[in-house]
Amino acid sequence: MSEYQMPPPNKVNSPQPGNGDEETIDLLELLYALLGKWREIAAATVACALIAAIGVLFFVTPKYQASSTIYVISQKDSDINISDLQIGTALTDDYIQVFHMWEVQEKVISNLDLPYTYSQLDKMLSVTNASNTRMVEITVTSESAQEAADIANEYVTVVQDYIAKKMATDKISIMSTALVPTEPVSPNKTKSILLGALLGFVVSAGVVVVITLLDDTYKTTEDIKKYTGLVTMAVIPLEKGDEPKHQRADKQIGLKLPGGKTL
């Protein structure tokens with residue numbers, strides 16, 4: 001007659017005594033496992049935060065933004081009526097498109113002797129219109145603070161002349177000129193470091209949880225009772241320096257428990 005052995009238990013899916021086939025996860029056990037590895041988790045969190053800090057400080061090039069603003073209705077209009085306001089609102093979208101025209105890009109590149117193509121310069125440019133206004137903001141992003149301000153102001157000057165000539169209208173009004181920014185807009189050092197720390201914490205904690213869930217070995221008499229329903233009759237303590245029998249199976253065969261485990 002062949003010997004029957006129970007399949008090895010699993011801490012995630014093994015049925016508990018008295019609970020039928022219900023699958024359970026011992027959250028308290030996971031919490032204890034995380035607390036037991038708090039040093040490793042803390043070390044991983046700090047290490048990832050330091051890596052993020054080093055990356056931001058030494059390997060990521062900061063970028064600066066400078067903005068200038070124009071007003072669609074000319075300041076020469078001494079008496080602005082409803083019709084003027086409606087026309088100004090309709091022209092706002094047209095003016096925004098003018099900034100992206102290749103003729104304007106070429107003029108800006110030529111005037112400032114920039115080392116960019118039309119597409120590269122266009123990617124550095126952002127033209128927006130605040131809702132319910134006729135103000136258009138021209139924002140330029142560059143790795144150089146001075147260059148960002150120069151390009152933003154040059155765009156306004158070129159478009160001002162271009163619109164007056166091509167659309168046969170008064171020059172647009174410049175509401176605000178771009179100043180040289182003193183602080184970069186990216187990368188956000190604080191945010192990057194916090195994200196690095198969060199990533200380290202989540203990954204290290206996740207590894208601990210996975211290892212705990214995949215570990216189906218018996219470590220205490222409570223584990224044996226919990227996962228097999230068997231009561232431990234006796235416990236034989238090891239003398240100092242002795243190894244558990246299952247760690248020297250090549251020397252002798254230990255006692256097998258239900259579930260295929262060896263003591």
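Colleague: What covers the buried residues of helix α1?

Modeller: The cover includes α7 (189-214) and α8 (221-228); cover here is judged by contact, meaning heavy atoms within 4.5 Å. The model is a predicted one, in which local features need pLDDT of at least 70 and side-chain atom pairs count only at pLDDT 80 or more, while totals for chains, interfaces and linings use all residues. Residues are numbered from 1 along each chain as its sequence is written, and side-chain values use heavy atoms, with hydrogens and water left out.

Colleague: Why is T45 called buried?

Modeller: Buried means under 20% relative accessible area, exposed means over 50%, and partly exposed lies in between (1.4 Å probe, protein chains only). T45 has a relative accessible area of 18%, so T45 counts as buried. T45 belongs to helix α2 (residues 38-58), and its contacts, neighbours within four places in sequence aside, are A197, G200 and F201. From T45 to L198 the C-alpha distance is 6.8 Å, although 153 residues separate them in sequence.

Colleague: Which residues of α1 are buried, and why are they said to line one face?

Modeller: In α1 (residues 27-36), the buried residues are E29, L30 and A33. Viewed down the axis of α1, they fall within an arc of 100°, so they line one face of the helix; the arc is that of the directions from the helix axis to the C-beta atoms. On the other side of α1, L27 and Y32 are exposed.

Colleague: What makes two rings an aromatic pair?

Modeller: Two rings of Phe, Tyr or Trp (its six-membered ring) pair if their centres lie within 6.5 Å; planes under 30 degrees apart are stacked, over 60 edge-to-face, and the rest tilted. By this rule there are two aromatic pairs.

Colleague: Why is the pair of F99 and Y155 called tilted?

Modeller: The ring centres of F99 and Y155 are 6.2 Å apart and the planes stand at 50°, so the pair is tilted. F99 sits in the loop between α3 (82-98) and α4 (102-112) and Y155 in helix α6 (residues 145-166), 56 residues apart. Both F99 and Y155 are buried.

Colleague: What is the geometry of the rings of W102 and Y118?

Modeller: Their centres are 6.3 Å apart and their planes at 40°, so this pair is tilted. It links W102 in helix α4 with Y118 in helix α5 (residues 118-124), 16 residues apart. W102 is partly exposed at 46% relative accessible area, and Y118, at 35%, is partly exposed.

Colleague: Which residues touch the most other members of the largest nonpolar core?

Modeller: Such a core is a set of buried Ala, Val, Leu, Ile, Met, Phe, Trp, Tyr and Cys residues joined through side-chain atoms within 4.5 Å. Of its 30 residues, F99, V104, V108, L121, I138, I151 and Y155 touch the most other members. At least two residues each come from β1 (64-71), α3, α4, α5, β2 (125-129), β3 (135-142) and α6. The largest share, 10 residues, is supplied by α6.

Notes. Helix = DSSP H or I, 4+ residues; strand = E, 2+ residues; numbered from the N terminus.
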